[in-house]
Amino acid sequence: MTEPGKPILSPAFTPPGSGLAALQLRDIWHLAPWAIAIGFYFVGDGFHSFGTNILIMILFTLSLDLALGYAGIITLGHAAFFGAGAYTAGIVAVHMTTDPLVGLALATVLAGVLGIITGMLILHTQGVAMFMLTLAIASMFYEVANQWRSLTGGDDGLTVPRSAPLLAYFGFAGFRFDFRGMTGYLYTLSVVFLWFLIAWRVVKSPFGRSLDGIRQNPRRMRAIGTPVWWRLVAMYGLSAAMAGTAGALQAHATRLVGLTSLNLELSGIVAVMLVLGGERRLYGAFVGAAFFMIVQDWAAAKNPVYWMFVIGGLLMAVVLFLEGGLMGLLDKIAGLFTRKPEQKAGGAK
Amino acid sequence: MLILTILLDGIAYGMVLFIISVGLTVTMGLMRVVNLAHGSFAMLGGYLSSVMIRHYDAPFIGGALIAALVCGALGGLAELTVYRPLYRKGELAQVLLTFGMIFISIASMTLIFGTTPIAESMPKWLEGLVDLGFRTYPTYRLFLIVVGALLALGLYFIIERSLFGARLRASVDDPGMARALGINVNLLFTLTFIGGCALAGFGGAIGAGILPIEPFYALRYLVLFLVVVVIGGLGSFRGSLAAALAVGLIETTGKYLLPQLGSFLLWLIVFGLLLWRPYGLLPPKSAS
């Protein structure tokens with residue numbers, strides 16, 4: 001018997017390092033994605049808006065990783081929250097203020113609240129029913145945006161005015177959003193970094209670990225006294241809020257919010273990015289989204305049809321042959337060069 | 001009179017949905033595999049029959065039957081090669097792999113036929129109106145209702161009245177027990193998969209006047225097919241008929257009476273129904 005209050009650990013379990021104190025020298029590779037992202041700011045001349053789009057999709061994919069990867073909530077309707085955030089930011093900019101932070105905050109809160117409300121309703125169910133419910137929610141959001149033309153512009157989309165300078169408070173002139181999108185890039189990167197820290201803290205926390213258990217065996221978790229439903233709702237809400245932020249960032253960056261921010265295709269594509277990169281890895285979202293966006297940009301420039309073949313083929317190949325996605329592949333490659341056979345797979349499994 | 005129009009249009013629409021979705025419900029009910037690519041077979045059927053009719057002067061029903069044969073054969077092939085390894089994997093893997101298949105089917109059809117929807121190739125005898133005695137009604141829609149009703153009747157006898165059907169229902173309710181009794185569930189499933197894909201191809205072909213054939217067909221109507229299956233209850237033949245007719249009627253009613261709502265009404269009802277009965281209206285015994 002284990003003493004109460006102490007989690008039951010399997011022998012292969014690495015203690016959840018929470019916070020910076022748990023970092024070791026070999027974790028220095030954590031700096032790599034951020035170094036690349038910051039380096040891109042200086043060398044990626046002319047590609048800053050593309051880089052911004054990649055960062056936005058990384059954030060969106062990361063949000064799906066929380067819900068789908070860590071909590072095991074199979075959803076094909078995550079674009080609902082992305083779109084809700086994008087439309088909120090767009091509508092705030094049109095009707096209230098062009099201060100980007102206000103739109104961002106409102107979009108995040110609204111998407112989070114929507115996530116909690118819908119999560120409370122659907123997270124009692126399981127399997128196909130839950131999956132269909134997420135689809136139904138996304139479809140309802142889509143129809144609302146499509147039909148409420150006076151507010152959303154319907155299928156013409158909503159043109160968002162240029163954002164006011166960032167942090168222009170108390171007489172400070174603020175950072176102007178330039179045409180080349182360099183300010184926008186840094187702004188997006190900062191927001192992504194903040195959300196990443198939150199996500200990291202959450203998945204390494206006891207709360208995150210309990211979701212790991214819920215994903216693997218909800219019945220047993222309930223038996224040991226975990227409030228399963230509340231935990232799922234909380235994670236779903238957090239994930240929805242993060243997706244809403246991503247939507248708001250996109251509304252500000254592209255200055256156009258369309259129905260494509262809400263459709264089934266986007267929900268599918270973000271799942272592709274996640275699985276491509278690897279679930280439950282946090283950095284899987286980075287690798288998957290960046291890889292996907294770059295290949296898409298390259299292939300779609302040649303021929304959009306060609307691109308559909310690539311994405312379909314990639315998806316099938318990852319599911320059939322490459323479990324763990326690209327991060328899993330990197331792990332295997334890294335495994336060839338290290339002597340110690342013990343796993344270092346980032347966190348869960 | 002509007003009520004009657006809504007009723008007839010709704011039933012015609014529902015029949016098309018039923019023909020296409022009935023195979024999917026057995027697939028998902030029997031093997032618990034989430035098959036999002038089912039709509040691709042219906043799309044393929046639509047394209048094939050239009051090619052047959054245009055280039056080889058096949059009669060309308062002949063074209064649809066050829067489409068059904070080809071889709072059935074391809075479905076069998078796909079079951080043996082792609083779907084078999086999937087049964088052991090989780091729902092997520094199934095969702096993603098079949099989603100990938102949708103993309104590939106969309107790309108293939110775009111490559112071959114272009115992005116524009118193909119014009120329906122309606123034969124002379126289906127154009128125009130037919131006099132029902134108390135009113136006139138488009139022949140094509142009446143044809144859909146009749147064909148759908150005949151197919152439903154035929155399927156009823158196969159599934160509810162034949163030995164094959166008894167085995168099938170037993171396997172849906174409890175695959176393990178069915179195996180223990182000596183039923184070859186795998187073979188049963190392959191046969192059902194072939195039948196389901198053939199029906200999807202047939203439905204896509206004859207329903208082209210209601211669900212126009214274009215490359216994004218497989219994605220655009222996918223959710224409707226899924227709704228029929230899930231609302232009806234996975235693996236339930238009667239449930240899918242009831243759900244298909246209900247979806248057809250709700251969508252048609254919405255279009256006539258509340259066009260400003262679009263499909264919102266349907267989704268709201270789906271949402272409520274699934275919260276109320278997560279296993280569908282008429283679930284098989286295994287689900288409860």
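# Tour of a two-chain model

Helices (H or I, at least four residues) and strands (E, at least two) are DSSP runs numbered from the N terminus.

The model is predicted, so local features need pLDDT of at least 70 and side-chain atom pairs count only at pLDDT 80 or more, while totals for chains, interfaces and linings use all residues. Residues are numbered from 1 along each chain as its sequence is written, and chains are lettered from A and ligands numbered from 1 in the order in which they are written.

**Stop 1: the H11(B)/H12(B) pair**

Show residues 237–257 of chain B, helix H11, together with H12(B); the axes come within 8 Å and cross at roughly 140°. Axes are lines fitted to C-alpha atoms, for helices over the stretch in contact, and angles run from 0 to 180 degrees between N-to-C directions. H11(B) and H12(B) are therefore oblique to each other. The angle classes are roughly parallel under 35 degrees, roughly antiparallel over 145, roughly perpendicular from 65 to 115, and oblique for the rest.

**Stop 2: where chain B touches chain A**

Now bring up both chains. The contact takes 33 residues from chain A and 35 residues from chain B. On the chain B side, helix H4 (91–113), helix H10 (222–232) and helix H12 (264–276) each supply at least two residues. H4(B) gives the most to that side, with 15 residues. By class, the side of chain B that touches chain A has 29 nonpolar, 5 polar and 1 charged residues.

**Stop 3: H3(B) and the end of H2(B)**

Select residues 60–83 of chain B, helix H3; its buried residues include Phe60(B), Ile66(B), Cys71(B), Glu79(B) and Tyr83(B). A residue is buried if 20 or more other C-beta atoms lie within 10 Å of its own, exposed if 12 or fewer, and partly exposed in between, with C-beta atoms placed from the backbone. The buried residues of H3(B) pack against helix H2 (38–56) and helix H8 (185–206) of chain B.

Tyr56(B) is in helix H2 of chain B. Is Tyr56(B) buried or exposed? Tyr56(B) is exposed, with 10 other C-beta atoms within 10 Å.

**Stop 4: H2(A) against H10(A)**

Move to chain A, which has 14 helices and 2 strands. Buried residues make up 47% of its 349 residues. Select helix H2 (residues 48–70) and H10(A): their axes are 8 Å apart and the packing angle is about 170°. That makes H2(A) roughly antiparallel to H10(A). H2(A) passes H10(A) in a left-handed crossing, the near helix being turned anticlockwise from the far one by less than a right angle (clockwise would be right-handed). Among the residues making the contact are Ser49(A), Thr52(A) and Leu59(A) of H2(A), and Met242(A), Thr245(A) and Leu249(A) of H10(A). The contact has 16 nonpolar, 7 polar and no charged residues.

Centre on Leu59(A). Not counting residues up to four places away in sequence, Leu59(A) touches Val192(A), Trp195(A), Met242(A), Thr245(A), Ala246(A) and Leu249(A). Ile58(A) and Leu59(A) touch the most other members of the largest nonpolar core, which has 200 residues. Helix H1 (residues 2–31) of chain B supplies the largest share of this core, 15 residues. A nonpolar core is a set of buried Ala, Val, Leu, Ile, Met, Phe, Trp, Tyr and Cys residues joined through C-beta atoms within 7 Å.

**Stop 5**

Select Gly181(A), in the loop between strand S1 (158–159) and helix H7 (182–204). Gly181(A) is buried, with 21 other C-beta atoms within 10 Å. Beyond its neighbours within four places in sequence, Gly181(A) is in contact with His48(A), Ser49(A) and Thr52(A).

Next is Arg255(A), in the loop between helix H10 (228–254) and strand S2 (256–257). Arg255(A) is not a glycine, yet has a positive phi of about 60°. Arg255(A) is partly exposed, with 16 other C-beta atoms within 10 Å.

Finish at Arg280(A), in the loop between helix H11 (264–277) and helix H12 (283–302) of chain A. Arg280(A) has a positive phi of about 55°, although it is not a glycine. With 22 C-beta neighbours inside 10 Å, Arg280(A) counts as buried.

Conventions. Two residues are in contact if their C-beta atoms, placed from the backbone, lie within 7 Å. Ala, Val, Leu, Ile, Met, Phe, Trp, Tyr, Cys and Pro count as nonpolar, Asp, Glu, Lys and Arg as charged, and the others, Gly among them, as polar.
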